[in-house]
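Biologist: Thanks for making time today. Could you walk me through this model, one question at a time?

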Amino acid sequence: MTKNQPIIRFENVTKQYDDDKPILNNVSFEMEKGKFYTLLGPSGCGKTTILRLISGLIEATSGKIYINDKLVNDTPANKRQVNTVFQDYALFPHLNVFDNVAFGLRVKKLPNDVIEKKVKEALRFVNLQGYENREITGMSGGQRQRVAIARAIVNEPEVLLLDEPLSALDLKLRTEMQYELRELQQRLGITFVFVTHDQEEALAMSDEIFVINEGKIEQRGTPRDIYDEPINRFVADFIGESNIITGKMIQDFLVEFAGKQYDCVDQGFKPNETVEIVIRPEDLEITSVERGKFAVKVDSILFRGVHYEIIGYDEIGNEWMIHSTKTATIGDKIGLYFEPEDIHVMRLGETEEEFDARLESYTAQGAEK
Ligand SMILES: Nc1ncnc2c1ncn2[C@@H]1O[C@H](COP(=O)(O)OP(=O)(O)OP(=O)(O)O)[C@@H](O)[C@H]1O
């Protein structure tokens, strides 16, 4: 991916209320212009706090925040080129669509003809042309959502912050709005910072995901990077269903778990180092016990629409989840097959820098071969 200029930069930012544990703890990152970023993490991990710090609704306890290379710690919210779309949309129910979108422009005392032009353009962007005189109370959830976005983009912000904007919508509308938002971001070409605790939404929409846990960024990367190479148990677990088992790296390219040794593609560990192994449920292929790399006894089966979700236990009692278009019979023993590259080995307590360096060394060595 091409690298654009940074638009937001956090340098060692900490946010703490009173003497409590910090809500954000020494967080540093950059976000580039024109990309779609998602802050993903469980409730209370600090996602909204990062948005509020960017928009200027709250102040950092320590550290520096830059927008467009300008230190903004002391810049008030209304002087930052940033707008927010809130979860509940925060629309004015007594105003119609036009007046809701025009509100900020009127506060800025722009001439009426300019306001009219800008509002119409913003409504066109969100496919609501012709809805100017509609009352907010008579609009659906998806339409209100679009009004809220129009109200934010009418100010031509450089950064749009979206705080769980789809959480109030039903599943079908939510999926439609995911497409719309992604497409809108590409048309506008501005930076979106989107907050969600839904990993599928994050994977579907983002250029880059920041996985956050307890006020720290556990891992940042493209959806593919994060899905394929989770840095630790938290990320692997949060970003989709996973089989995570403790194992041992015997030597380079050889790992032991569930009582057996397997070829893998990982290296750079100490001999016999304790590690955690991830194998995604869709990477386990059901086969005969003879052909399988190991066997499990089937405990339960659920039909999930696109696949069956099968839970089984291996000889030493590890639980395995399998996603397969093939089904099985409860109580039967089935073989499971996987390729060496389906095993992801995670070092315990590895920092993001160490993790990135290790992955890069694989690529470098791969290139030498
Ligand atoms: N004004 C405040 N005073 C004290 N604690 C606060 C204040 N505002 C937020 N917090 C705490 O900060 C933590 C992080 O909150 P934040 O809203 O950033 O989480 P979040 O990841 O956005 O979660 P959610 O998905 O539930 O909105 C929470 O534990 C919250 O209770």
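Modeller: The end C-alpha atoms of residues 8-239 lie 25 Å apart, and the span is 36% helix and 25% strand. Helices (H or I, at least four residues) and strands (E, at least two) are DSSP runs, numbered from the N terminus. This is a predicted model, where local features need pLDDT of at least 70, side-chain atom pairs count only at pLDDT 80 or more, and totals for chains, interfaces and linings use all residues. Residues are numbered from 1 along each chain as its sequence is written.

Biologist: How many helices and strands are in the protein chain?

Modeller: The C-alpha atoms of the chain fill a box of roughly 75 × 45 × 45 Å along the principal axes. Within the protein chain there are nine helices and 20 strands.

Biologist: How far apart do the C-alpha centres of domain 1 and domain 2 lie?

Modeller: The bounds come from an automatic or database domain assignment, which gives domain 1 (6-228), domain 2 (242-280 + 339-369) and domain 3 (285-337). Between the C-alpha centres of domain 1 and domain 2, the separation is 37 Å.

Biologist: By class, how many residues in the shell around the ligand are charged?

Modeller: The surrounding residues are Tyr17, Ile23, Gly41, Ser43, Gly44, Cys45, Gly46, Lys47, Thr48, Thr49 and His197. Ala, Val, Leu, Ile, Met, Phe, Trp, Tyr, Cys and Pro count as nonpolar, Asp, Glu, Lys and Arg as charged, and the others, Gly among them, as polar. The shell therefore splits into three nonpolar, seven polar and, as charged, one.

Biologist: Is helix α1 mostly covered or mostly open, and how many of its residues are buried?

Modeller: Buried means 20 or more other C-beta atoms within 10 Å of a residue's own, with C-beta atoms placed from the backbone. Among the buried residues of α1 are Lys47, Thr48 and Thr49. Helix α1 (residues 47-55) is mostly covered, with a buried count of eight of its nine residues.

Methods. A residue is near a molecule or strand if its C-beta atom, placed from the backbone, lies within 6 Å of it. A residue is buried if 20 or more other C-beta atoms lie within 10 Å of its own, exposed if 12 or fewer, and partly exposed in between; C-beta atoms are placed from the backbone.
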